[in-house]
Structure formats: C-alpha cells, structure tokens
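I opened this entry to note what I looked up, step by step. The coordinates come first, my notes after.

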Amino acid sequence: EEIVHVPMIMQQERITQQPVEVIVEVPVPMVQEEIVHVPTILQQRRIQQQMVEVIVEVPVPMTQEEIVHVPTIIQQPRHHHIHVEQVVEVPVPMIEEEIVNVPRIIQQQRDHHFHVEEIVDVIVEQI
C-alpha cells in the first residue's frame with residue numbers, strides 16, 4: 001500500500017481590502033498679526049534759559065502818629081440789689097375723670113317686606 005497525500009479543499013472567508021477615505025485635521029501654523037506701537041522721534045526746538053536780574057520795590061512799613069481819644073473813668077454811686085425769697089402758692093388746675101357713654105353705630109342689614117296677594121282656587125263640593 002502506498003500513502004498518497006491528497007490536498008483537501010477548505011472553504012475560507014475571503015478578506016478583501018477596500019480603500020477608505022479618512023479625514024484628518026492637521027493644525028496649520030497660523031500667522032498672527034500684532035499691532036506694535038513704535039515711538040517716533042520728533043525734532044524739537046531747544047529752549048535755553050537765561051538768568052535775568054529783576055529789581056522789585058517792596059514797600060517798607062512806616063510808623064505814623066495818630067491822636068486817639070481815651071475815655072476817662074468817672075466814679076458813680078452803685079446801686080445794690082438784694083434778692084428776697086418769696087413763696088407764692090399757685091393753684092394747679094385739677095383734672096377730673098368722667099366716664100361718658102358714647103353710642104356706637106353698627107351696620108345692620110335691613111329686611112324689606114313686600115305684601116304679595118295670592119289668589120287660590122278652592123273646589124267647594126255642592127250638596
């Protein structure tokens with residue numbers, strides 16, 4: 001007997017590759033603007049200071065004579081006031097309490113009576 005190897009057929013799932021579109025966001029370097037204030041150099045006129053001598057006249061206080069009338073002191077007799085204590089009785093008004101009855105007003109509901117005439121038919125038996 002001879003052993004022969006026979007290939008065996010097997011069913012397999014077939015994998016196929018399909019291209020897939022993938023969107024990837026990649027950061028892009030951005031250019032950013034910035035406002036920078038640069039000082040400017042201006043040409044200006046130079047001002048020179050010069051010392052100037054100034055003569056100022058300052059008034060000096062002057063003494064001046066003045067005639068002043070001074071009152072004279074005259075001796076006069078003095079009046080003496082003597083304080084006297086005096087007791088005076090003053091009547092004080094008296095307050096009296098009195099109970100006064102004051103009528104009170106109460107709101108009440110009024111009943112109105114209307115006279116109504118009512119006619120009723122009564123059956124009377126005839127004999």
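I checked burial first: of the 127 residues of the protein, 0% count as buried. I keep in mind that this is a predicted model.

Next I looked up secondary structure and found zero helices and zero strands in the protein. I then took the radius of gyration, which is 67 Å, well over the 14 Å from the globule rule for 127 residues, so the protein is more spread out than a compact globule. For the extents along the principal axes, I noted a box of roughly 180 × 160 × 45 Å filled by the C-alpha atoms.

I turned to the surface. The accessible area of the protein is about 18500 Å², and carbon and sulfur atoms account for 55% of that. I also found a nonpolar patch of about 440 Å², made by Val20, Val22, Val24 and Val26. Of these I looked up Val20, which counts as exposed because its relative accessibility is 68%, where the cut-off is over 50%.

Last, I listed charges: the protein has 21 negative and 6 positive side chains. I noted 17 Å between the centres of the two sets.

Terms used
Residues numbered from 1 in each chain as written. Predicted model: local features only at pLDDT ≥ 70, side-chain atom pairs only at ≥ 80, totals over all residues. Heavy atoms only, no water. Helix = DSSP H or I, 4+ residues; strand = E, 2+ residues; numbered from the N terminus. Rg over C-alpha atoms; globule rule 2.2 N^0.38 Å. Buried < 20%, exposed > 50% of the residue type's maximum accessible area, 1.4 Å probe, protein only. Areas by Shrake-Rupley, 256 points an atom, 1.4 Å probe, with all protein chains shown as cover. Lys, Arg positive; Asp, Glu negative; His and termini not counted. Charge placed at Lys NZ, Arg CZ, Asp CG, Glu CD. Patch = residues over 30% accessible without salt bridge, like charges linked within 9 Å, V, L, I, M, F, W, Y side chains within 5 Å. Salt bridge = Lys/Arg side-chain N within 4 Å of Asp/Glu carboxyl O.
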